[in-house]
Amino acid sequence: AFYRALLTRRIVRIIEDSLAESQSFEKRTRLLFQGGESAQADVVIASAQVAFLQQASNAAELEAKLANQELASFWTREVADTLSLVDLPEETPPAPEAEASQTAPFLKRLEFNLLDAQRRGFQADVRRARSALLPQLGAAFQYGIDSTAVRISDRGYAAFVNLTIPIFDWNKARAATEQARLRTQQVESARAISERTFSKEYQGALTRVKQLSGQISLTRQQAKLAGEDLRLSRIRYEGGEGSALEVVTAQNQLAQARSNYYTTMANYLNARADLEV
C-alpha cells in the first residue's frame, strides 16, 4: 500500500506535466493556425490530446486518493487526510543484495518453530497413549510402627505389588493413540505445505528483484529518449517538416515511458520489501 500510494502520486505529476506540455502545444497550434501556418486538423489533434490527458488526470487523481485512503486505514480513521510521504527516488535504488548462503533461509520463520513444537507435542501424546495399552506394574514398600504407643517391638513392614492389565479400556487407548498419530501427521502435512508456499514466495520475490533491477536502467533510458523525441518532434513541426500527430504521439510516448520507469522502480522496491519479509 505504501509504494502504491507513492506510485499513484508520481503518476499524477507525470500526467500533469504531460497535460501542461499538451496545453502549450495546443496554444502554439492555434497561433500558427491563426497565422495561416498550420491546418485546422492540427488544432483538433492538439485539443483532443488535451481532453484525453484531462480525463487521464482525473482518473489518476482518483486512484491516488484511494491509495492514500488505503494506506491511512492501517492506523487511523481519518483516511481522507492527505498523508505526507517521501517521493520515489530519482536516482537508481540500491542493487539487490547477494543471495543468501543458505538454500532455504525462509525456514527461519517463526511459523516453522511453532509447527515443530506442535509436532513434538503430538508425538509425546502418541507415546503417552500407547503406554495405556501396556500392563502397568507398581510396587510399594512401607515401614513404621504399627501401635498406639511408641514401642520398638511394634515395628511393622509392608510390601505391595500392583499389576494392572488393560482389558476394557483397550479400544479407548487405541483410539487415543490413533487420534494423536493423525494430529502428528496433520502438523507434518501443514509444515510441508508451508515449506512449499514460502519457497514459492521467496523464489518469486528473489526473481522479481533480479529482473526489475535490470529493467530500471532500461526504462530510464527509454524515458530520456522519449523526451528527446518529443523535443525534436516539436522542432520539426514548428519548422514545417513534421505533423501535429507526430508531436502528440511523442507526448504519449514520453508520458508512458516516464510512467513505466516509476512503475518499475516502485515494483522493485516492493519486491525488495517482500524478499526481506
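Let me start with charges. Side chains of opposite charge can pair when their charged atoms come close. How many salt bridges does the count come to? The count comes to 16 salt bridges.

Please find R258 and D17. R258 forms a salt bridge with D17, and the closest N and O atoms are 3.6 Å apart. This pair links distant parts of the chain: R258 sits in helix α5, residues 244–276, while D17 sits in helix α1, residues 2–34, and the two are 241 residues apart. Are these two side chains buried or exposed, or something in between? R258 has a relative accessibility of 22%, so R258 counts as partly exposed. Buried would need a value under 20%. D17 has 43%, so D17 is partly exposed too.

Next, R30 and E26. R30 makes a salt bridge with E26, with 3.3 Å between the closest N and O atoms. Here both partners lie in helix α1, four residues apart, which is about one turn of the helix. The two partners fall into separate classes of accessibility. R30, at 39% relative accessibility, counts as partly exposed. E26, at 15%, counts as buried, because buried means under 20%.

R28 counts as partly exposed, at 31% relative accessibility. E238 is also partly exposed, with a relative accessible area of 43%. Which residues are linked with R28 and E238 in a network of salt bridges? The network links E21, R28, R234 and E238.

Now the helices. Two packed helices are described by the angle between their axes and the distance between the axes. I have two such pairs for you, and helix α2 is in both.

First, helix α2, residues 40–72, with α5. These two pack at an angle of about 15 degrees, and their axes are 9 Å apart. Why is α2 called roughly parallel to α5? Angles under 35 degrees count as roughly parallel, so an angle of about 15 degrees makes α2 roughly parallel to α5. The crossing of α2 and α5 is right-handed. On the α2 side, the contact is made by D42, I45 and Q49; on the α5 side, by A244, L245, V248, Q251 and N252. By class, that contact has four nonpolar, three polar and one charged residues.

Second, α1 with α2. These pack at an angle of about 165 degrees, with their axes 8 Å apart. Angles over 145 degrees count as roughly antiparallel, so α1 is roughly antiparallel to α2. α1 passes α2 in a left-handed crossing. The residues of this contact divide into 18 nonpolar, eleven polar and nine charged.

Where is G242? G242 is in the loop between α4 and α5. If we leave aside its neighbours within four places in sequence, G242 is in contact with R236 and Y237. G242 and L232 are ten residues apart in sequence, and their C-alpha atoms are 9.5 Å apart in space.

L32 is found in helix α1. Is L32 buried or exposed? L32 is buried, with a relative accessible area of 8%. Not counting residues up to four places away in sequence, L32 touches E37, S38 and Y237. L32 and E238 are 206 residues apart along the chain, yet 8.7 Å separates their C-alpha atoms.

S24 also lies in helix α1. S24 counts as partly exposed, at 37% relative accessibility. S24 and Q185 are 161 residues apart along the chain, and their C-alpha atoms are separated by 70 Å.

To recap, the model is predicted, the count is 16 salt bridges, α2 is roughly parallel to α5, and α1 is roughly antiparallel to α2. That is my item.

Terms used. Residues numbered from 1 in each chain as written. Predicted model: local features only at pLDDT ≥ 70, side-chain atom pairs only at ≥ 80, totals over all residues. Heavy atoms only, no water. Salt bridge = Lys/Arg side-chain N within 4 Å of Asp/Glu carboxyl O. Buried < 20%, exposed > 50% of the residue type's maximum accessible area, 1.4 Å probe, protein only. Axes fitted to C-alpha atoms, helices over the stretch in contact; angles between N-to-C directions. Parallel < 35°, antiparallel > 145°, perpendicular 65-115°, else oblique. Left-handed = near helix turned anticlockwise from the far one by under 90°. Contact = heavy atoms within 4.5 Å. Nonpolar A, V, L, I, M, F, W, Y, C, P; charged D, E, K, R; others polar.
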